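Please give me a guided tour of this structure. I have it open in a viewer and would like to know what to select next and what is there.

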Amino acid sequence: MALPNELEALTEAFSGHGIHEQALVSILGKWHPEERKSFRKGSPHFFVEDERNFERWDDHHVRLLKHEFMRFKNAVVLWTMHPWERDARLAKEALIKKGPQSHGILIEIACTRSAEELLGARRAYHSLFDHSLEEDVAHHINGSERKLLVALVSAYRYEGSKVNDDAAKSEAKTLFNAIKDANKRKPIDDEEVIRVLTTRSKPHLQAIYKHYKEISGKNIDEDLDADLRLKETVQCICTPQKYFSQVLNTALKRDLDKNTKKALTRVIVTRADTDMKEIKEEYNTLYGVSLSKKIEDTANGNYKDFLLTLIARGG
Amino acid sequence: MAASLVAPDTHSPMEDAEALRKAFKGWGTDEKAIISILGHRNAVQRQQIRQAYEELYQEDLVKRLESELSGDFEKAVYRWILDPADRDAVLANVAIKKAETDFHVIIEISCILSPEDLLAVRRAYHYRYKRSLEEDVAAHTSGDLRKLLVALVTAYRYAGHEINERVAKSEADILNDAIKDKAFNHEEVIRILSTRSKAQLIASFNRYRDEHGISITKNLLVDSDEGTLQKALHAAIRCINDPRKYFEKTVRNAIKENGTDEDALTRVIVTRAERDLKDIKELYYQRNSVSLDHAVAKETSGDYKAFLLTLLGKED
């Protein structure tokens, strides 16, 4: 007879991020037919009572399960990939999938990578897809977002530390005014907003971030609540660890659609070699719990172990 | 692609550096020596001479040339001695800083160079000016011209030969609609011209010609008071479609005007001497029934003339 805690453990094994392979082996593997039947009868969210008198796997759930089993494989493949190919494939997927998140992923890639890393991604995109990244972005996206996204993926920003502080001050003012006048014209349609955000160097934009706070009293991304893409752009460029912490936090909730869940793999795999240490610190500061603990609680099996190993590297 | 530059297969950078040093010594400068050496060295060789000169005399050859020479001759030699990517970065910066941005230079650089060469220019620009090329283009232009120019300089086009016929047809139609309605701020025109690969664009231009019986560049023919954006679009299409014809026209206009446009003349000769200046000369002769050498000799003078003729391939 299946023990209640085994039932619970097995239900857990099938829920959350990834699959608890060991539980499946040690519990499910040893169950006799009656125990498996009682599991089916006791799990109405996995099995439906068919009219011909048997408990049938819910189709939708089987499909979800497939994704959960693949989560570990996808993480491994993504991790092993050359970073250029990785970003090119993530970008392509973001363009094809077209969820509300997908444009955010393009912004994430364009704004959190170094100038050379972004260039590398564009090269890999040429090889993989016989088109340029900006060509496909422009072709698949319309309207105001197109201008922002094409410019962001095409940027080859100056990476030195030299900043013209007077220009930064004046551009902070320009941005402030554009945001203030948002009901007359959306900031994303303001050509000066686009110019500043898509062409200036990151140190320059960080100087603008500082000056903006002095003018407005609030941070520019706080004032951009009404403009999600611009907000993401500013966050990715000026406060990337905060941005990644927020994405992780959202991705670690329960009962999510599969695209939101994918962010967990994406962020950890793409940042493990870069600023994972800083992201962990920021995550702790923002949410009062360690990232490792959250992953421990939410993810399963090999997938969980893999993620924890990645984030433990380098301290 | 045929270059006009005549340069020996081997040279001694040390000897060249010494000879140049001799040319600077004493009162006045021996311009002929400078022309006969530098005018016959390719980019790699010139770089070696700069290095040798620095080693021998602890001085930057470029700075020395700037102080020894003057006028159009100096400008030409300065541009010539720079590494090609650095040169284009300088030309772009000069064009941007003009009261009204000389968009032709930006368009030439962004539309004629290969994707990798354009990247090299963007890197050289970072190094020299501590800002990005697109940053400066954007800050000095506005409106539709800004959109077009920034899009062009930031492009990293796919360099393959694959084309999609369906896309060629649909984008030829989009271009045609834009031309018919004269709606040149049409986002789609900028998207197509600045993101598609060169092969794909040429396929679209050919498709255009097949459908409408006239080449797209003829249909964009500009009367002098047409807008800047239209002129810029025209230039971009011509640069992508047939760079040599574009340069022939640029050089023809530079010489034709009352008073030669030395900046344009220097730019074409210096930037194309190691690439396709010989082809441009042939086109020029076909179009004007007089050789480019002859036209340049007639409209310029002194050391400037001698230098240009050397780059054009004149034997000493």
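Contact here means heavy atoms within 4.5 Å. The model is predicted, so local features need pLDDT of at least 70 and side-chain atom pairs count only at pLDDT 80 or more, while totals for chains, interfaces and linings use all residues. Residues are numbered from 1 along each chain as its sequence is written, chains are lettered from A and ligands numbered from 1 in the order in which they are written, and side-chain values use heavy atoms, with hydrogens and water left out.

**Stop 1: the interface**

Select chain A and chain B together. In this predicted model, 29 residues of chain B are in contact with 26 residues of chain A. Now pick Glu135(B), Tyr156(B) and Tyr158(B): they supply 25% of the area that chain B buries against chain A, more than any other three residues. Buried area is the accessible area (1.4 Å probe) that two parts lose on being put together, summed over both. Between chain B and chain A it is about 2,600 Å², and carbon and sulfur atoms give 52% of that.

**Stop 2: a salt bridge**

Select Arg146(A) and Glu188(B). They form a salt bridge, with the closest N and O atoms 2.9 Å apart. The term requires a side-chain nitrogen of Lys or Arg within 4 Å of a carboxyl oxygen of Asp or Glu. Seven salt bridges are counted between chain B and chain A.

Next, colour helices 8 (115–129), 9 (133–139), 10 (143–154) and 12 (187–195) of chain B, the elements that give two or more residues to the side touching chain A. Helix 8 gives the most, with five residues. Helices (H or I, at least four residues) and strands (E, at least two) are DSSP runs, numbered from the N terminus.

**Stop 3: two aromatic pairs**

Rings of Phe, Tyr and Trp (its six-membered ring) pair if their centres lie within 6.5 Å; planes under 30 degrees apart count as stacked, over 60 as edge-to-face and the rest as tilted. The whole structure has 15 aromatic pairs over all chains. Select Phe72(A) and Phe306(A), an edge-to-face pair, 5.8 Å centre to centre with 80° between the planes. Phe72(A) lies in helix 4 (residues 59–80) and Phe306(A) in helix 19 (residues 301–312) of chain A, 234 residues apart.

Then move to Tyr125(B) and Tyr129(B), a tilted pair at 4.6 Å centre to centre and 45° between the planes. They are four residues apart in helix 8 of chain B and so separated by about one helical turn.

**Stop 4: a cluster**

Finish with Trp31(A), Phe39(A), Phe46(A), Phe47(A) and Trp57(A), which form one aromatic cluster.
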